[in-house]
Amino acid sequence: MSQFNELVRNGLWANNPALVQLLGLCPLLAVTSSVVNALGLGLATLLVLMGSNMSVSLIRHHVTSNVRLPAFVMIIAAFVTCADLLMQAYTFELHQILGIFIPLIVTNCAILGRADAFASRNPILPSATDGLMMGLGFAGVLVVLGSLRELFGQGTLFADMDLLLGPVAAGWQITVFPNYEFLFLILPPGAFFATGLLIALKNVIDDRLERRRRLRQADQPRESRRVRVTGTIR
Amino acid sequence: MSLMHASAEPARLPTSTGRVMAWLLLATLPGIATLAWYFGWGVLTNVLAATAFAVALEALVLKLRGRSPTATLSDNSALVTGVLLGVSLPPGSSWWLILVGVVAAIVIAKQLFGGLGHNPFNPAMVGYALLLVAFPLPMTQWAAPHGLFGPEATTLPDALRLLAGLTDPLALDGMSGATPLDAFKHKPEAVMASEFWASSPLPEGTMNAWHSVSLAWLVGGALLLYKRLIGWHIPVAMLGAMAVIAALLYGVDPSHYGSPLFHLLGGAAIFGAFFIATDPVSAATSRKGKLYYGAGVGVLVMLIRTTGAYPDAVAFAVLLMNFAVPFIDYYTQPRTYGHHAPTRGIKVKRLEDETEEPR
């Protein structure tokens, strides 16, 4: 079970594809201007990542290492086409907004990276878990970035969520700052700034955790080196 | 003329960073005075507010970083960033615009990268570019040249009210205007340049004001050159590249392109060449590299001015060339005396060399 804990920790935090591996930055920077865009692309990427990881894991004994990369890309492209068609069928307007970035999921290095580095060497269950966790980690960062940019860029949260979740979500929009616009954060350069600050925040948190862990270690009494012969010394 | 010089540029600087920056501030005075003389009190409120914000924010961030604010503030670099950003903004900007620009310049572009000497980008231009992208409307409202004391001039209380954000600049009649580059950018395609200028598209005296301001920056630049605080390489390369390209375009089609003089004196070219592009931290290091760097800035300015969406482009051009500085420095490293010239890049063995080998 510890292997799965490790996969969860790696995907969501320690080896997060967006904040640590810095893979898939193109969609990360381009589509995170609002929560709905970020969530839409995050879910599509999650689906592709899980599907490709499981398929690659299934065929790992049959593909020689010489042709593995073209084979993986073909598999990923097939799943991206599925995601593309699904979004076209069920969330057409969101599909129009995301545009070229849905087909471009093929080029997301995080997906090919996981296929080559993990799924091609591991059985199907760990591979699926890895895909799920990496996808969740990526989608999570997308959504955090999307909400930050939407909040401080146009002063709202969860605007137009009905494009993704249907009519239920039509009234979800929260206007935090009325009549507010900071165009810079909506535009791509703002995505760079926000991503940089998020990475810095993660590093600060890691630093704090590490320092606390060391302090706790230092507090623990060291074991006595004396060889004990009988009983305990009080 | 030896372009390759082994000793590092700062070794020739006579004094400490604080003194250098103080001279730089002194050299901006003619430019600031002329700007204020033509465009009114708004220039001075901009500069004062920007420097005050810059020093305060620098002190705050230094405190957060656990450094001594007084020791670092005495290098005057925050003052310089504040002044350079302040003169770039449209006269009479309100405080929040200035504050956002200074936060981007001092906190993000300078201190987050490690403070003076570690910033890969020119801090003042990062602030300016961010504002230009984020707030296009207030950033393109340039004051009409009504002077400091003229009948239509914005009075000092009015300028302070603009700074406080109590007055909408559009409501003040005398405030609206455009820069010559901005006006020329929006010239209709069917109108010839000569007809366009004959129709007096700008408030009276605007062209004259911009020429005078450019010449005042040139005076300040001459002081920097005389004190050897900057080398001639970057300004000459930048202005030279701009003049050559403008002359070529003007020679081909004078009815739709501005003259070289218009491009050199009508915008921020002189100011940028002497005060922005020469920033010793973010510019190229070797003399040969500085020539490439300056020429690159000049080419990019002309490219963006003639084909881009923005009327003036010094900030974007300088930032883009800041990106290229590590590359330029890598390929223009001077030869150390007594050593071979460094070989750079991948050397591919040519095919004929192989066939000619004796077997």
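Trainee: What share of the contacts in chain B with a separation of 6 or more comes from residues 24 or more positions apart?

Mentor: Those pairs account for 76% of them. Two residues are in contact here if their C-beta atoms, placed from the backbone, lie within 7 Å. Keep in mind that this is a predicted model, where local features need pLDDT of at least 70, side-chain atom pairs count only at pLDDT 80 or more, and totals for chains, interfaces and linings use all residues. Residues are numbered from 1 along each chain as its sequence is written, with chains lettered from A and ligands numbered from 1 in the order in which they are written.

Trainee: Got it. What does the secondary structure of chain B come to?

Mentor: Chain B has 17 helices and zero strands. Helices (H or I, at least four residues) and strands (E, at least two) are DSSP runs, numbered from the N terminus.

Trainee: And how much of chain B is buried?

Mentor: Of its 359 residues, 45% are buried. The cut-off for buried is 20 or more other C-beta atoms within 10 Å of a residue's own; exposed is 12 or fewer, partly exposed is in between, and C-beta atoms are placed from the backbone.

Trainee: Which domains does chain B get?

Mentor: Domain 1 takes in 17-141 + 143-176, and domain 2 is 204-333. Those bounds come from an automatic or database domain assignment. Taken over C-alpha atoms, the centres of domain 1 and domain 2 of chain B are 21 Å apart. The contact takes 23 residues from domain 1 of chain B and 24 residues from domain 2 of chain B.

Trainee: Which elements give two or more residues to the domain 1 side of that contact?

Mentor: For chain B they are α1 (17-39) and α6 (123-134). α1(B) gives the largest share of that side, 10 residues. The domain 1 side that touches domain 2 of chain B divides into 17 nonpolar, six polar and no charged residues. Ala, Val, Leu, Ile, Met, Phe, Trp, Tyr, Cys and Pro count as nonpolar, Asp, Glu, Lys and Arg as charged, and the others, Gly among them, as polar.

Trainee: Switching to one residue: where is B:Leu239, and why does it count as buried?

Mentor: B:Leu239 is in helix α12 (residues 233-252) of chain B. It counts as buried because it has 26 C-beta neighbours inside 10 Å. Not counting residues up to four places away in sequence, B:Leu239 touches B:Leu264, B:Ala269, B:Ala273 and B:Gly298.

Trainee: What does UniProt say about B:Thr179?

Mentor: The unreviewed UniProt entry annotates B:Thr179 as "modified residue: FMN phosphoryl threonine". UniProt positions are given in the numbering used here, feature names are shortened, and annotations may be inferred rather than shown by experiment. In the model, B:Thr179 is in the loop between α8 (156-164) and α9 (180-185) of chain B. B:Thr179 counts as partly exposed because it has 19 C-beta neighbours inside 10 Å.

Trainee: What is B:Thr179 in contact with, leaving aside its neighbours within four places in sequence?

Mentor: B:Trp142, B:Gly267, B:Pro311 and B:Asp312.

Trainee: And where does UniProt place "transmembrane region" in chain B?

Mentor: The unreviewed entry puts that feature on several stretches, including 125-144 and 209-226 of chain B. Residues 125-144 of chain B are 70% helix and 0% strand, with end C-alpha atoms 24 Å apart. Residues 209-226 of chain B are 100% helix and 0% strand, and there the end C-alpha atoms are 26 Å apart.

Trainee: On to chain A. What does its secondary structure come to?

Mentor: Chain A has 10 helices and two strands, in the order α-α-α-α-α-α-α-β-α-β-α-α along the sequence. Its C-alpha trace spans about 75 × 55 × 30 Å along the principal axes. Buried residues are 35% of the 234 residues in chain A.

Trainee: How many residues of chain A are in contact with chain B?

Mentor: Six residues of chain A are in contact with four residues of chain B. On the chain A side, α9 (183-186) and α10 (188-219) each supply at least two residues. That side divides into six nonpolar, no polar and no charged residues.

Trainee: Which residues of α10(A) are buried?

Mentor: A:Gly190, A:Ala191, A:Ala194 and A:Thr195 are buried. The buried residues of α10(A) pack against α2 (25-30), α7 (124-154) and α9 of chain A.
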